[in-house]
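Hello,

Here is the structure I promised to pass on. My notes on it follow below; I hope they are handy.

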Amino acid sequence: MAEPFTTYKLIVLYMAKHSKETLTNSQISEFILDRDYTDYFQLQKVLSELVETELLRKRTISNSSYYEITEEGKKTLSYFEKELSGEIKNEVKDYLQTHGGQVQERILTPADYYTTPQGNYAVRCQIIEKDTTVLDLTLVAPGREAAQAMCHSWAKKSQDIYGMLMGELI
């Protein structure tokens, strides 16, 4: 069997290959996290690496990330697909068949701003996974318009910012 991190990549590629539509971050997360294959942090690293190596293509539309497998991803999966157990493959196929495009949002990215006692604007951005806060970040904004812009773009950019922070800190 392949190393766990490699297995997570293969699961995501297998999901993307067998899905009739592009997969959202939420759909991939729900499958991986509900089965306790890994945690949110590792999954985001897996997705980031698959996009960087051009095995997956990522598009962001209306604050949601969508992933689809590339030709290179299909080729890579064909070489290593045998590393995935039949049980995992069946779980993926069952999940895709029963959950299609109707997946409940499991990862929340709230953002809000408020006025500090000093008269500045502070922006609080969070990533919440299954009722657990995995990131809680407060930044001072130069003004109200900047604070509003930060709140507006947080959902769209939270995954990239989280990945960058983890990459810098680890």
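Predicted model: local features only at pLDDT ≥ 70, side-chain atom pairs only at ≥ 80, totals over all residues.

Let me begin with lysine 156, which counts as partly exposed because its relative accessibility is 38% (buried means under 20% relative accessible area, exposed over 50%, and partly exposed in between, with a 1.4 Å probe and protein chains only). This lysine 156 sits in helix 6, residues 144-169 (helices are DSSP runs of H or I with at least four residues, numbered from the N terminus).

Residues are numbered from 1 along each chain as its sequence is written, and side-chain values use heavy atoms, leaving out hydrogens and water.

Threonine 38 lies in the loop between helix 2 and helix 3 (40-52). With a relative accessible area of 14%, threonine 38 is buried. Beyond neighbours within four places in sequence, threonine 38 is in contact (heavy atoms within 4.5 Å) with Tyr8, Ile32, Leu33 and Leu43.

Finally, the crossing of helix 1 (residues 4-18) and helix 2 (residues 25-34): their axes are 11 Å apart, at an angle of about 130° (axes are lines fitted to C-alpha atoms over the stretch in contact, and angles run from 0 to 180 degrees between N-to-C directions). Ile11, Val12 and Met15 of helix 1 meet Gln27, Ile28, Phe31 and Ile32 of helix 2 in this contact.

Best wishes

Key:
Helix = DSSP H or I, 4+ residues; strand = E, 2+ residues; numbered from the N terminus.
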